[in-house]
Amino acid sequence: MKIHVVENYDEMSREAADILADIVKNKPDCVLGLATGDTPIGMYECLVRMYEAGELDFSAVRSVNLDEYYPISPDNDQSYRYFMNKHLFDKVNIDKANTNVPNGRAEDADVFCREYENTINKLGGMDVQVLGIGRNGHIGFNEPETELKPYTHLTELTESTIEANARFFESEADVPKHALTMGIRSIFKARNIVILASGVEKAEAVKTMLSGNISTLCPASLLCLHPSVTLICDKAAYSLV
Ligand code: PGA
């Protein structure tokens with residue numbers, strides 16, 4: 001794993017955006033694996049600025065997102081589809097037909113998950129997958145468990161994740177209890193992975209991820225098994241390493 005420790009959130013965001021921008025420039029029909037949450041918002045802002053400055057063209061770009069709450073409507077302002085439209089898709093010239101976010105309204109979650117995995121395969125995997133890291137070491141909604149599912153699946157959120165995400169909802173009770181998420185093997189279909197961490201609340205998870213031990217109890221630690229991972233981490237998130 002390549003590790004870049006940067007000063008702060010803004011620097012992390014710019015570095016991540018530069019990596020994605022290079023991929024888009026070199027391969028206009030690239031497949032971007034995208035993530036939601038607070039962490040990548042600054043990266044999306046940088047990408048939008050580059051687009052507005054005429055430096056980037058998203059017209060042929062395809063995308064697949066990591067996860068989505070379940071059940072949730074795409075119009076719900078807490079859905080990840082809504083998030084992606086708001087922070088990126090509505091602000092650049094990407095064709096929404098080329099964007100894939102798990103369907104929070106799928107009638108049969110298992111059938112949908114198989115289809116989503118097929119979509120990833122048909123796209124030929126991601127050129128890059130962006131990830132955040134949960135305070136508990138989760139990636140996507142692959143929560144710490146003794147066993148993990150490899151492919152896209154329906155999963156139950158842990159208390160820690162519900163608590164962490166409650167800030168976006170009116171109350172903790174409103175946070176959906178389930179999600180659709182790529183599995184670790186789906187994530188590994190990316191040729192490159194960029195994982196972002198900012199803030200002291202991520203320090204424990206970053207420390208465990210980099211401990212040298214690999215455990216499903218820290219799903220991010222499995223990234224040590226992938227051949228091309230870059231961690232971009234600010235000083236606060238790196239402070240316990
Ligand atoms: P955050 O979430 O970016 O909102 O901190 C990261 C994650 O839970 O993967």
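## Ligand contacts

A polar side-chain atom of Arg 167 sits 3.2 Å from an oxygen atom of the ligand, a polar contact in the sense of a pair of N or O atoms within 3.5 Å. For Lys 202, a polar side-chain atom is 2.6 Å from a ligand oxygen. For Thr 39, the distance from a polar side-chain atom to an oxygen of the ligand is 2.4 Å. The ligand alone exposes 280 Å², and the protein buries 82% of that (Shrake-Rupley method, 1.4 Å probe).

This is a predicted model, where local features need pLDDT of at least 70, side-chain atom pairs count only at pLDDT 80 or more, and totals for chains, interfaces and linings use all residues. Residues are numbered from 1 along each chain as its sequence is written, and side-chain values use heavy atoms, without hydrogens and water.

## The shell

Around the ligand (a heavy atom within 4 Å) are Gly 37, Asp 38, Thr 39, Gly 132, Ile 133, Gly 134, His 138, Arg 167 and Lys 202. By class, the shell has one nonpolar, five polar and three charged residues; Gly counts as polar.

## The pocket

The ligand takes up the space of the largest pocket (more than half of its atoms lie within 2 Å of the grid points). A pocket is an open set of points on a 1 Å grid over the protein atoms alone, where a 1.4 Å probe fits, with protein on both sides within 12 Å along at least five of seven lines. This pocket holds about 740 Å³, the space filled by probe spheres set on the points.

Its lining (an atom within 4 Å of a point) has 36 residues, with Thr 36, Gly 37, Asp 38, Arg 167 and Phe 168 nearest the centre. The largest share, five residues, comes from α3.

Methods
A polar contact is a pair of N or O atoms within 3.5 Å; within protein, one must be able to donate a hydrogen and the other to accept it, and residues adjacent in sequence count only if both atoms are side-chain atoms. Helices (H or I, at least four residues) and strands (E, at least two) are DSSP runs, numbered from the N terminus.
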